[in-house]
Amino acid sequence: MAKNSDSLASNFVTELLAIALNKRTIFDMVRQHMKYSYFQVESEKKLWQWVTARTDRTGRIPTIGQMQQQFAEDEAVLEKIEEINEVELDEENISNEEAILDVFERFIKKMKFLEANDRITDFYNQGKKDQAWEMFVKYADEFSKFSIQSAKFETVFGDFATRQAQRQSEDYNKRFKIPTGIDEIDYRLGGESGGPETGECVLWLGDSGAGKSQVLCHCGITAARQGHRVAHFQLEGTKEQCLNRYDAAWTGTLYQDVKLGNIPAKKMEVTKRIIKKLKRSDVIVSSEETFNAKTLVDVRRELKEMEKEYGKIDVIIIDYLELLEVGDGHNYSPGEERFRQAKLAKGMKMLAMEFNAVVHTATQSSNIPEECKNDPEFVITRANLSEDKGKIRPFDIFITINQTRDEMKEEVMRLHTDKLRDYKNGDPIRIANNFAYSRFYDRKRTFELADEIDED
């Protein structure tokens, strides 16, 4: 029997892993629902972590021999591998697969029930009885339909009426747009009320010093002003630098003055009204002041903690992609950097879908010749992505930041919409900046630039 009701018995884990390692469909099923907390002993966690990471990297489930070679000096894991190898997968055992999966499914349902019960109880204890009831009804419906083995098939004609009824229900279409606040980009992403949609991932690309951190802060402030709660993960620089940048931008104060605390009394009075209006949405900053210290697993855990304390997170900002670690237990060599970045890109898309949020992140461009950078007709494209060009695939929106030396002096730049999934691209978008005040987008000056172009 299991040591506690929140974990799987070791003997059952042995049988479950034996059938999972023998058949890809079962492996994928177990992978989708298994959590490390379900294992009782460290050897099981080590083995499963390595097996899933290697399968992701190679596309194939490792053999018993490969597992034994990997853990040649770890007696506890070797013993577990031997136990798995001794499970006889003859015809009788194969026919018993369904019974093993049934036990696993009941365990998953129990874990989901406990999680649901905690959330319902929290609402009830807070006096939110209607919300507690609505959540109970929702989970009851989910439990009645949940199965790790059921095929996810749907018919075009036979299920049309059901789909249409769902589309018209109030709680069906939970996705919504969260504008970037850069008018032309938002217009390209759906017209006057356009912008990235929750569940989508946005990648910004630029050369060093182009303003990648500035645009991420801009997106955070814009979202908060519209009543959306933002989680900002600062992986480069200090928390103080990040917060100073935000404070300069939203208060309209020079960055250098904010650093010294020199905000005029009149402006401080204005900030009180803004804070009263926006503190419910807010931007929650998590900073890691050591390089490469935070993983995707850490980000997901912190997002869960933030939602418990502050409520639903609508926008996730990660500054920036390369500084995050995968957290799969694999030590990626320099030659494997492209694989690491590709996995980070997929992980960010998964965060967007799991939390039904817009994810904004940025990445560094490859070395670009000076003559290209200073050519006002040149724009950075996906061809200038450093490491793996394929890391763009999980992203729904890909925008590059372009600026010549002359444009930098004038505080203007060009944004190239390299990829807008489901929408059409267009000519580069010319915008004005005001970096002294930490403003990536100076709306008034941008409109003036547009009027000048129209007059010409």
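Analyst: Contact means heavy atoms within 4.5 Å. Among contacts in the chain between residues at least 6 apart in sequence, 67% join residues at least 24 apart. The model is predicted, so that local features need pLDDT of at least 70 and side-chain atom pairs count only at pLDDT 80 or more, whereas totals for chains, interfaces and linings use all residues. Residues are numbered from 1 along each chain as its sequence is written, and side-chain values use heavy atoms, with hydrogens and water left out.

The chain holds 19 helices and eight strands; helices (H or I, at least four residues) and strands (E, at least two) are DSSP runs, numbered from the N terminus. Its C-alpha trace spans about 80 × 55 × 55 Å along the principal axes. Of the 456 residues in the chain, 45% are buried, where buried means under 20% relative accessible area, exposed over 50% and partly exposed in between, for a 1.4 Å probe and protein chains only.

The sheet is open and has eight strands in the order 3-2-4-5-1-6-7-8, with mixed pairing; two strands pair if DSSP finds at least two bridges between them. Strand 3 and strand 8 (429-432) stand at the edges with a single partner strand each, so one side of each has no neighbour in the sheet. On average, and with direction ignored, neighbouring strands of this sheet are turned by 20° against each other. Such angles run from 0 to 180 degrees between N-to-C directions, and axes are lines fitted to C-alpha atoms, for helices over the stretch in contact.

Strand 2 (residues 230-234) is mostly covered, as five of its five residues are buried. In a regular strand the side chains alternate between the two faces of the sheet. In strand 2 both faces are covered: Val-230, His-232 and Gln-234 are buried on one side, and Ala-231 and Phe-233 on the other. Strand 2 pairs with strand 3 (residues 283-287) in the parallel sense over five bridges, and Val-230 stands opposite Val-283 there. Five bridges also join strand 2 to strand 4 (residues 315-319), again running parallel, with Val-230 opposite Val-315.

Elsewhere in the sheet, strand 1 (residues 201-206) and strand 5 (residues 358-364) run parallel and are joined by six bridges. The bridge partner of Gly-206 in strand 5 is Gln-364.

Helix 15 lies across strand 2, strand 3 and strand 4, at about 145° to strand 2. Helix 16 packs on the sheet by touching strand 1, strand 4 and strand 5, and its direction makes about 165° with that of strand 5.

Two packed helices are described by the angle between their axes and the distance between the axes. The axes of helix 15 (residues 296-310) and helix 16 (residues 337-354) come within 11 Å and cross at roughly 15°. This makes helix 15 roughly parallel to helix 16, a term for angles under 35 degrees. In their contact, Leu-296, Val-299, Arg-300, Leu-303 and Lys-304 of helix 15 meet Lys-343, Leu-344, Gly-347, Met-348, Leu-351 and Glu-354 of helix 16. By class, this contact has six nonpolar, one polar and four charged residues; Ala, Val, Leu, Ile, Met, Phe, Trp, Tyr, Cys and Pro count as nonpolar, Asp, Glu, Lys and Arg as charged, and the others, Gly among them, as polar.

Methods: Parallel < 35°, antiparallel > 145°, perpendicular 65-115°, else oblique.
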